[in-house]
Structures are given as C-alpha cells and as structure tokens.
Amino acid sequence: MKLPTKLIVLTALFIGFGSFNVIAKVKVGEPLPNFELKTMDGTQVVKMDSLKGKVVYVDFWASWCKPCLKSFPLLNDIYSRKKEQGFEIVAVNLDQKKRNAEDFLNKKPVDYTNLYDANGDVSNTFNVSVMPVGYLVDRKGIVRAIHHGFLPGDEKKLEKGISILLKR
C-alpha cells in the first residue's frame, strides 16, 4: 500500500470513530501542542516533544469517567503489544483531587505513563469537553485522529490506526 493510500485508510478508520469537535483548539493535521506535566507520583516530568519519533496516544481521563473504566485495560493491552514498535500512551488525568485518580489507578493499574494536570492548564490548551478524549499522534508530532468517548470495538479501530502509523 502506498503512503497516500495508507493515510486515506487511516482517515476512513476514524470517520465515525470519534466526533470532530468544531471548537477544538487542537485539530487533525496540526502539530500536537508541546506540554510538560509531572507523573502521578510526582517523580518525573514528561515533555511531549521528547516523544517525537514515536507514535503516541494522548488520553485525557478522569476517575469519574465510566468509559475510562473500560478503556484503561484495553489501552493497556494495545500498549503492551505495540510499545516495542515505538508506541507510547500518555494519559493525562483531570481530577480536581489527585487522590481520586490514584484510587482509580489502584483499581485499574496500567503500564503506560499517567500524568496529572493539577491546574487544568493542559486540558484548557486542548479544550477538553468530553471524557475520555484521545489524540493519536504520528512520529512527527502531527495529530492524525481525535477520539471522543469510548465504545466497545473502538479499541480495534484505534489499534488499526496505530499499526498504520507505526509502519510509516
């Protein structure tokens, strides 16, 4: 499959996969805004620009988000199978109380990076209005898909998109 055809397939996969937010500050085809946040345990700072060269899924979530309960183990499964190929998940928690996020992660542990957006600055940059919302980013740091919510079967579409980007 030639590269333009792959991009068409990737785009087609995500039509209907997630709604397009007309008021979104971050759009498909644009660079992902660079941001940095501390990990949930506060021991590291993760800078998004340090992940260029990898395919990244940036997932905004909260402990009260029911679809997040379902998405976490499914995303973790994709991550465990794709990380060696250059795939990363960076989850950004938006809870007002960090303890709620920590309790959630104790019940639904994952192997990928979880960051805490204490002041909501990053979520404001993205204009997050639905949870979960995920941004699939290519190796050059360009947003290739935006996914709002999480329904059964979404993980298959997401994984197909990730696989296409990993081959580029």
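Colleague: What makes the reach of helix H5 (residues 154-167) close to the expected one?

Modeller: In this predicted model, H5 has 14 residues and reaches 20 Å from its first C-alpha to its last. The expected span is 1.5 Å times one less than the number of residues, and for H5 the expected value is 20 Å, so the reach is close to it.

Colleague: Why is H5 called mostly covered?

Modeller: A residue counts as buried when its relative accessible area is under 20%. In H5, 10 of the 14 residues are buried, so the helix is described as mostly covered. Among them are Asp154, Glu155, Leu158 and Glu159, as well as Ile162 and Leu166.

Colleague: Why is Asn127 called partly exposed?

Modeller: Its relative accessibility is 25%. Buried requires a value under 20% and exposed a value over 50%, so Asn127 lies in between and counts as partly exposed.

Colleague: How do you know that the peptide bond from Met131 to Pro132 is cis, and where is Pro132 found?

Modeller: The bond is assigned as cis, with omega near -10 degrees. Pro132 belongs to the loop between helix H4 (121-126) and strand S6 (133-137).

Colleague: Which residues have pLDDT under 50?

Modeller: Residues 11-22 stay under 50, and the model has 24 contacts beyond four places in sequence for them. The protein averages a pLDDT of 88, and 86% of the residues score at least 70.

Technical notes
Residues are numbered from 1 along each chain as its sequence is written. This is a predicted model: local features need pLDDT of at least 70, side-chain atom pairs count only at pLDDT 80 or more; totals for chains, interfaces and linings use all residues. Side-chain values use heavy atoms; hydrogens and water are left out. Helices (H or I, at least four residues) and strands (E, at least two) are DSSP runs, numbered from the N terminus. Buried means under 20% relative accessible area, exposed over 50%, partly exposed in between (1.4 Å probe, protein chains only). pLDDT is the predictor's confidence in each residue, from 0 to 100. Contact means heavy atoms within 4.5 Å.
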